[in-house]
Amino acid sequence: LGSSLNSAILSMVTPYFQQWNFSAQQGIGGSWVAEIAYAGSKGTHTQQGTIQLNSLTAGQMALGAVNQELVANPFYGIITDATSILSQPTVQRGQLSKPFPQYTGVAAPNPSIGNSIFHSMQLRVEKRFSKGFTTLAAYTISKNINDTAQDAVGQGTSIQDPYNLRAERSLDPQDVSQRLVLSGVWELPFGKGKHFGT
């Protein structure tokens, strides 16, 4: 009592992902191929960094300075840890309005509460091998949206309001909305069976 604790209870749900795609391909002339494709995926119960369960609701936060008023502490004399704010004769009103007022914090690391959605359209044009050349141009336009953002090394970020996960929904930090890739192969005319060096 009087300190913070962690709970893994919310982490027991198994995440799952769904993926779907559709593509159409057409040959053009004797050596060109064009393709258009759609790909999508949805993640459900994906993991989040940490959720703070001992938080005020948006309505309670709207009270503003009222939450900072000092009031009599019902835990005074019960919580005896001198380093805890809950061992003092008075405590902020907001602390007593939290779901677990006897703790300074209740965190659930990596809870499986997140969701993600990804949509992309992919265009590809390829010139098949002829006269020693092949070229490929690929263009992708996509959007990756989630409410469980992770940084580049896969670490989740904290949720601002555990009572309103919809407010966390935004573009993923790793979203790449457009991408163009050009590549080519040139078979050099040297060696056995080639123009030079036979």
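This is a predicted model: local features need pLDDT of at least 70, side-chain atom pairs count only at pLDDT 80 or more; totals for chains, interfaces and linings use all residues.

Visitor: Which strands hold Phe133 and Trp186?

Guide: Phe133 belongs to strand β9 (residues 133-146) and Trp186 to strand β11 (residues 178-186), so the pair ties together parts that are 53 residues apart in sequence.

Visitor: How are β9 and β11 joined, and do they run parallel or antiparallel?

Guide: They run antiparallel, with 9 bridges joining β9 to β11. As one example, Thr134 is placed opposite Val185 in β11.

Visitor: What does Ala137 touch, leaving out residues up to four places away in sequence?

Guide: Ala137, which is also located in strand β9, touches Leu123, Arg124, Val125, Val181 and Leu182 on that count. Its relative accessibility is 28%, and it therefore counts as partly exposed. The C-alpha atoms of Ala137 and Lys127 are separated by 9.0 Å, the two residues being 10 apart along the chain.

Visitor: New topic. What is the strand order in the open sheet of 3 strands?

Guide: The order is β1-β7-β4, and the pairing is mixed. The edge strands are β1 (4-6) and β4 (50-52), each of which pairs on one side only. From one strand to the next, the twist averages 25°.

Visitor: Which way does β1 run relative to β7, parallel or antiparallel?

Guide: β1 and β7 run parallel and are joined by 3 bridges. Within this pairing, Asn6 stands opposite Ala107 in β7.

Visitor: And what of β4 and β7?

Guide: Those two run antiparallel, with 3 bridges joining β4 to strand β7 (residues 105-109). Thr50 has Pro109 of β7 opposite it, while Ile51 has Ala108 as its bridge partner.

Visitor: How many residues of β7 are buried?

Guide: The count is 4 of its 5 residues, and β7 is described as mostly covered.

Visitor: Which residues make up the largest nonpolar core?

Guide: That core has 5 residues, namely Val71, Phe75, Ile79, Leu86 and Val91. In soluble globular proteins, nonpolar side chains tend to be buried together.

Visitor: What is Ile79 in contact with, beyond its neighbours within four places in sequence?

Guide: Ile79 is in contact with Leu1, Gly2, Ser84, Leu86, Ser87 and Gln102. Of these, Leu86 is one of the core residues.

Visitor: Now β2 and β3. What do they form?

Guide: They form a hairpin with 3 residues between them, and Gly29 in the turn has a positive phi of about 65°. The strands run antiparallel, with 13 bridges joining β2 (residues 16-28) to β3. In this pairing, Tyr16 has Thr44 of β3 as its bridge partner.

Visitor: What is the phi of His45?

Guide: His45 has a positive phi of about 60°, although it is not a glycine. Most residues other than glycine have a negative phi. His45 is situated in strand β3 (residues 32-47), and its relative accessible area of 30% makes it partly exposed.

Visitor: With which side chain does that of Tyr38 make a polar contact?

Guide: The partner is the side chain of Trp20, at 3.1 Å. Tyr38 also lies in strand β3 and is partly exposed at 31% relative accessibility. Not counting residues up to four places away in sequence, Tyr38 touches Trp20, Asn21, Phe22, His119 and Ser120.

Visitor: How many Å apart in space are Tyr38 and Pro109?

Guide: They are 35 Å apart, C-alpha to C-alpha, and 71 residues apart in sequence.

Conventions:
Residues are numbered from 1 along each chain as its sequence is written. Side-chain values use heavy atoms; hydrogens and water are left out. Two strands pair if DSSP finds at least two bridges between them. Axes are lines fitted to C-alpha atoms, for helices over the stretch in contact, and angles run from 0 to 180 degrees between N-to-C directions. Buried means under 20% relative accessible area, exposed over 50%, partly exposed in between (1.4 Å probe, protein chains only). A nonpolar core is a set of buried Ala, Val, Leu, Ile, Met, Phe, Trp, Tyr and Cys residues joined through side-chain atoms within 4.5 Å. Contact means heavy atoms within 4.5 Å. A polar contact is a pair of N or O atoms within 3.5 Å; within protein, one must be able to donate a hydrogen and the other to accept it, and residues adjacent in sequence count only if both atoms are side-chain atoms.
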